[in-house]
Amino acid sequence: MEFKRIQILAMLAVVVFFPSCKPERAKVDGTVKEVIDNAVTRLYKTLKPAELDTISEQYILQFLSNGDKQILASRFWTFDTNVPVKVSVMRDTAQKVVPFWLSESGFEKKDLVVRNEEYTYEVWQKDFEKGEVALGINGFDKHRPVYFISVAPLNSADKLEITNVYPAGYNLSTMQKGAFTYHDWDGLVLTEVPDVLKGQTLFTTVRGRAREAHLVKAFRTTDTPSSAHPDQVMLTWSGDPKTTVDLQWRTNTEITSGSVKYWVTGSRDTLFADASAFKMEDRLLQNDRLVNRFTAKLNNLKPGSDYGYSLRSGNNGWEAQASFKTAAEKAEDFSFIWFGDTHFSSIWGDMAQKSIKRHPETAFFSIAGDLVTTGLHRDDWDHLWDYSEKTFTTRPLMPVPGNHDSQDGLGAWMYKEMFSLPENGPAGQPSEMTYSFEYQNALFLMLDATLSVPDQSKWVEEQLKNSKVKWKFATFHFPPYNFEEPYDEIMKEWGTLFDKYHVDMVMSGHMHYYLRTQPMHAGKPVSDPSKGTIYTMSISIPGKQVRWPDESYAVKRYKDGPLYQHIAIKGDKLFYRCLDPEGVLKDELMIEK
């Protein structure tokens, strides 16, 4: 195979610390993920749990093979250029350890500085011939402001073309003041750019890339590892609440099959359904790296009926017996409970358990995002399910993701793997993140506000325009009304649709205080709920505010949590109540149509 000159130069550069490699024959074959996955497996076999917390960058470099290091030095960020170029690497000065490959591969630190409002970046540069540019990992730590790059032709007369960018999906921009570098924090823009870098092609990225090779102080444990017996049992809906329900649970990987038996309460007829299973991995969870998660979808249920069920995992007996109730065929009274940010808190878990005892008629639950604090840590989710105990074994949970569930620009894939939800969301968007469902005479729009807001607006309008129900609700994480941060895009894209099609209530979280607005239309208070939408925001954990400026649109506010909301639909009336864990009423509202 004939190598391009740039590939040979790159291999010559790494020969300084990979002396056994022969540049003219060396081949970089593999991915960063494969190297780190294999390294983690070997570390588990080599070190005791306590020793995993002590490994350093130096230890890791000695532990890895020369081939592994070559991949880590050249497969993190790659692209092709049609002309010779100068590549500038902007590295956060607060990162204690410089990436091991940077200077050894020929990059030189320059007397240049790039800044945004939070971070200061030093600039490293290297000239490349045309062809492939191959760059290495951000480091073995989890330094969130990862490096970003800009590229310019060495000959200013050349027209630069950049192709075959890996990873794809992050747009190329222009290096200039006001440009953002991180898609997961696009409000953080460059405030200082040296003249020599202005106008260059800027490669944007996400802070989540810091996790791709994270090994130093990376390993975690869960307090509730999986076993051969089903746990984390939870109900959701992916279909019609009148005739379907989905059951999910967890076991260890030794259990490869699961099933459900279920029956109408009081009946002798027993039905069975097999569950599908998949492996969920958190490679840094040292005492429970892999688990099996099961999903069973029960169909053709009888509307308005009480069912009992039990689960079977592998060859074990029937366990985890519980019950649920399907929605009635014709619209009737119902109630539901929703929570603001839960952040896997034991305080929230206690409140959730008390809430269902206080309101046994509750049909389902909802959480308005930030279910956990770090959405890519399965031990956070283990805490969430442990603290809630059996709360969601008898009533479905219908959540939406928040920014903590969708972590550092890497998406909410672990959140998605946790739930079986409707796949009726906007075309071109990740399934089960934004969705809708109807329960009795109400429409629930469950919106992922961490995704592109405009890309979902057409779908939102279609849902509202085509629905004939009496009550309309929308749930999403970021609150349009708050004193901390404007969400002009949400107000413009969705708020106008809520006004046009009259959404009764919006439920959000994020700001860690409680708020209920007056009925709002076109950004202004109106006299009656029939003329506007009521926006609510809540919190399921303690969260006192330091600043407390007035909000002219507010009817009721609280600086602190935990709180939960119980909404009951009784004919033409909606009864809204906000309560604390002990059931003390903190706010209430009645809407009549």
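Student: How do you know that S11 and strand S12 pair?

Tutor: Strand S11 and strand S12 (residues 245-251) run antiparallel and are joined by 4 bridges. Two strands pair if DSSP finds at least two bridges between them, so 4 bridges qualify. Strands (E, at least two residues) and helices (H or I, at least four) are DSSP runs, numbered from the N terminus. This is a predicted model, in which local features need pLDDT of at least 70, side-chain atom pairs count only at pLDDT 80 or more, and totals for chains, interfaces and linings use all residues. Residues are numbered from 1 along each chain as its sequence is written, and side-chain values use heavy atoms, leaving out hydrogens and water.

Student: What makes S11 and S15 edge strands?

Tutor: The open sheet has 4 strands in the order S11-S12-S16-S15, with antiparallel pairing. S11 (231-236) and S15 (276-281) each have a single partner strand, so one side of each has no neighbour in the sheet.

Student: Why is the pair of Phe-148 and Tyr-182 called edge-to-face?

Tutor: Rings of Phe, Tyr and Trp (its six-membered ring) pair if their centres lie within 6.5 Å; planes under 30 degrees apart are stacked, over 60 edge-to-face, and the rest tilted. Here the centres are 6.4 Å apart and the planes stand at 90°, so the pair is edge-to-face.

Student: Why is Trp-381 called buried?

Tutor: Buried means under 20% relative accessible area, exposed over 50%, partly exposed in between (1.4 Å probe, protein chains only). Trp-381 has 0%, so the residue is buried. Tyr-415 is buried too, with 0%.
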